[in-house]
Amino acid sequence: MKSQQSGFTLVEIAIVLVIIGLLLGGILKGQELINSAKVKNIANDFRVIPTYIYAYQDKYRALPGDDAQVVAHNGGVLATTPNGKQGDGVIEGKWDSTTVTDESVLFWNHIRKAGLMSGTDTVGTFNDADPYTPKNALGGRIGISGNGSSASPYITGMSGSYQICSKGIPGKFAKQLDIQMDDGDPSKGNMQAIKDGSASGAGVVIDPADDDATFTVCMSL
């Protein structure tokens, strides 16, 4: 008497493959939605910082960070480097400065003291866990500096009065940001990108091989 051979039928195998395909599709779609949310969050950082500047100017007739009367205005900390530059209409200092007396660092102290932004107004140590320094959705530092300040803009050739920069952004996200907010080319325009760790210079073209490399993205105002 022949023994009956057990196994999967073609129909059963097809059903399993369909289920696996649906699961993989759901995972990929979910990851796409998560990435899209991160890009929107980073884009919002670039959009909201100018509103802090304009609101502060409207309230105190001065630039946050550069406010020579900040102690009287809201009890904030007066920037002292470079000396004699307070109130000159330029946010002095590098966007990623760790000098606590720079205007670019005390920008965050001034707007928080003015009640325009939540978070601690106590200048910290600038490490990854420091709550004083704003971070983007990926944990990279966010900063601002003035074009024409004593520190040259991080990405050269960009026009405008200020440069807002955000660090640690994968190339694929940087390209999406530029499509959303500028001309789609990270090497030119009002939004440009440069590889993290690079010396200051011009923005660069991001090719597919750099999609997972991290960049600092800057926007001029």
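# Close-up views of a predicted model

Strand 1 and strand 2 run antiparallel to each other and pair over 5 bridges. This is a predicted model: local features need pLDDT of at least 70, side-chain atom pairs count only at pLDDT 80 or more, and totals for chains, interfaces and linings use all residues. Residues are numbered from 1 along each chain as its sequence is written, and side-chain values use heavy atoms, with hydrogens and water left out.

**View 1. The whole chain has 4 helices and 4 strands.** Helices (H or I, at least four residues) and strands (E, at least two) are DSSP runs, numbered from the N terminus. Along the sequence, the pattern reads α-α-α-β-β-α-β-β. Of the 221 residues, 40% are buried. Buried means under 20% relative accessible area, exposed over 50%, and partly exposed in between (1.4 Å probe, protein chains only).

**View 2. The 4 strands form an open sheet in the order 1-2-4-3.** Two strands pair if DSSP finds at least two bridges between them. In general, strands of a sheet pair through backbone hydrogen bonds, either parallel or antiparallel. Here the pairing is antiparallel. Strand 1 and strand 3 stand at the edges with a single partner strand each, so one side of each has no neighbour in the sheet. On average, neighbouring strands are turned by 25° against each other, direction ignored.

**View 3. Strand 2 pairs with strand 1 and with strand 4.** Toward strand 1 (142-146), Ile144 stands opposite Ile164 of strand 2. Strand 2 and strand 4 pair in the antiparallel sense over 6 bridges. Ser166 faces Val217 of strand 4. Cys165 has Cys218 of strand 4 as its bridge partner. Strand 2 is largely enclosed by the rest of the structure, because 7 of its 9 residues are buried.

**View 4. Helix 4 packs on the sheet.** Helix 4 touches strand 2, strand 3 and strand 4. Its direction makes about 140° with that of strand 2. Axes are lines fitted to C-alpha atoms, for helices over the stretch in contact, and angles run from 0 to 180 degrees between N-to-C directions.

**View 5. The largest nonpolar core has 37 residues.** Such a core is a set of buried Ala, Val, Leu, Ile, Met, Phe, Trp, Tyr and Cys residues joined through side-chain atoms within 4.5 Å. Phe46, Ile49, Phe107, Trp108, Ile144 and Leu177 have the most contacts inside this core. Helix 1 (10-60) is one of the elements that give two or more residues to the core. The largest share, 9 residues, comes from helix 1. Leaving aside neighbours within four places in sequence, the contacts of Phe46 include Ile164, Leu177, Met181 and Val217. Contact means heavy atoms within 4.5 Å.

**View 6. Helix 3 is largely enclosed by the rest of the structure.** Gly115 follows helix 3 and has a positive phi, near 75°.

**View 7. Ser97 sits in the loop between helix 2 (70-74) and helix 3.** Ser97 is buried, with a relative accessible area of 6%. Its side chain makes a polar contact with the side chain of Asp102 (2.7 Å). A polar contact is a pair of N or O atoms within 3.5 Å; within protein, one must be able to donate a hydrogen and the other to accept it, and residues adjacent in sequence count only if both atoms are side-chain atoms. Beyond its neighbours within four places in sequence, Ser97 is in contact with Asp102, Ser104, Val105, Phe126 and Arg141.
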